[in-house]
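I opened this notebook to record what I looked up in the structure, entry by entry. The sequence and the model come first, and my notes follow.

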Amino acid sequence: MPGNSQRRGAIRKNSKGATVGSGGQRRRGLEGKGPTPKAADREYHPAHKRANAAAKRSGGASGGAGRGSARPKSRSKASSEMVYGRNSVVEALRADVPVSTMYVATRIDTDDRVREALKLATERGLAILETPRGELDRLTDGGVHQGLALQVPPYDYAHPNDLIDPEMPGIPLVVALDGITDPRNLGAIVRSVAAFGGHGVVVPERRSVGMTASAWKTSAGAAARIPVARASNLTRALEEFKKAGFFILGLDMDGDVELPDLALATEPLVIVTGSEGKGLSRLVRETCDQIVSIPMSSAVESLNAGLATGVTLYEIARQRRR
């Protein structure tokens, strides 16, 4: 049985191969290596590459935004947004909503909306990626995407100080929003600001709407011309406007003066619009120089924020043209 003896010899040789201290080495080999790194921390993971790309974009955007060394950081960005569903994608492309990438499901069943989306995206030179449906499910967080999705890049917000510019054409006119959460109201207000000679819109960072794809669509292209600034503290931003010579007018049903009797229309103005339910917050109201109301029929309780702001901007523009 030479074969067996050789095997036994091999076993005995291996069993004698262990030296003093090898048990400790084996224990170290069995020790865990700590928690699994996050996807964004793994060098070859797509999430890591996306994070690096986003960091480069944000770094490049903030590099030359400021106008002076004493000015606080003048630009901030929100997170990117996914628009999905065939109707929503086509509407966003028709409205020239900024898009970084269009995702199309592999082997998608085409119809008129898919063909139009592909045509519009191609005409705009957008990146079009054919994507497995499982990946589209992940990108849209399980939403009903119907095989189409758009990635909307983060909006590049201005700083409120950027709207305090003595070289602005005409008499300065800015709108600030206090507690507005409907993106359609923001879009409508941006559109009204553009229509009646305004210079910008200010929104707070917290408890407020941002420049989403829906706001872009409602603005009907005006968002490409009118800057939207984001304030870390709206009350402090309004105080800075006051120091720069602006008058702060708050819109509210219980105003000190009715809109037709407004005597400050020809002065640099910030119009502050509050939410429909709560109106102006206490600190913002106390910061205002005057509270203005819009006279209405008793049959109507109030206008929504977008309409109220539009009516006010029209009246100010009318008085300034006299």
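This is a predicted model: local features need pLDDT of at least 70, side-chain atom pairs count only at pLDDT 80 or more; totals for chains, interfaces and linings use all residues.

**Entry: the whole chain**

I began with the overall count, and the protein has 11 helices and 13 strands. Of its 322 residues, 39% count as buried, and the accessible surface comes to about 18,500 Å², of which 50% belongs to carbon and sulfur atoms.

**Entry: the four-stranded sheet**

In what order do the strands of the open sheet lie? I read the order as β2-β5-β3-β4, with mixed pairing. The edges are taken by β2 (81-84) and β4 (127-131), and because each has a single partner strand, one side of each is left without a neighbour in the sheet. On average, neighbouring strands of this sheet are turned by 25 degrees against each other, direction ignored.

I next followed the pairing of β3 with β5, which run antiparallel and are joined by four bridges. V104 has L148 of β5 as its bridge partner. Helix α4 (residues 86-94) packs on the sheet and touches β2, β3 and β5, and its direction makes about 45 degrees with that of β5. Helix α5 also packs on the sheet, where it touches β3, β4 and β5, with its direction at about 150 degrees to that of β3.

I looked up T101, which is in strand β3 (residues 101-105). Is T101 buried or exposed? Its relative accessible area is 12%, and since buried means under 20%, T101 is buried. Leaving aside neighbours within four places in sequence, I found T101 in contact with A127, L129, A149, L150 and Q151.

G143 lies in the loop between α6 (133-139) and β5 (148-152), and at 15% relative accessibility G143 counts as buried as well. I checked G143 against Y84, which is 59 residues away along the chain, and the C-alpha atoms of the two are separated by 7.6 Å.

**Entry: salt bridges**

Side chains of opposite charge can pair when their charged atoms come close. How many salt bridges does a search of the whole structure find? The search finds 13, and I wrote down a few of them.

The side chains of D112 and R115 meet in a salt bridge at 2.8 Å, N to O. Because D112 and R115 are three residues apart in helix α5 (residues 112-123), about one helical turn separates them. D112 is exposed, with a relative accessible area of 59%, whereas R115 is partly exposed at 45%.

R138 and E135 also form a salt bridge, at 2.6 Å from N to O, and both lie in helix α6, three residues apart, about one turn of the helix. R138 is partly exposed with a relative accessible area of 46%, and E135 counts as partly exposed at 29%.

I then turned to D289 and K242, whose side chains meet in a salt bridge at 3.4 Å, N to O. This pair links distant parts of the chain, 47 residues apart, with D289 in the loop between α10 (282-287) and β13 (290-293) and K242 in helix α9 (residues 234-243). D289 is partly exposed at 36% relative accessible area, and K242 counts as partly exposed at 33%. I also noted a network of salt bridges that links R86, D111 and R113.

**Entry: helix α11**

My last entry is on helix α11 (residues 305-320), which has 16 residues and reaches 23 Å from its first C-alpha to its last, close to the 22 Å expected at 1.5 Å a residue. Which residues of α11 are buried? I listed A305, G306, A308, T309, G310, T312, L313, E315, I316, A317 and Q319. What covers these buried residues includes strands β7 (173-178), β10 (247-251) and β12 (269-274), together with helix α7 (183-195).

How values were computed. Residues are numbered from 1 along each chain as its sequence is written. Side-chain values use heavy atoms; hydrogens and water are left out. Helices (H or I, at least four residues) and strands (E, at least two) are DSSP runs, numbered from the N terminus. Buried means under 20% relative accessible area, exposed over 50%, partly exposed in between (1.4 Å probe, protein chains only). Contact means heavy atoms within 4.5 Å. A salt bridge is a side-chain nitrogen of Lys or Arg within 4 Å of a carboxyl oxygen of Asp or Glu. Accessible areas come from the Shrake-Rupley method with a 1.4 Å probe; for residues, only the protein chains shown count as cover. Two strands pair if DSSP finds at least two bridges between them. Axes are lines fitted to C-alpha atoms, for helices over the stretch in contact, and angles run from 0 to 180 degrees between N-to-C directions. The expected span of a helix is 1.5 Å times one less than its number of residues.
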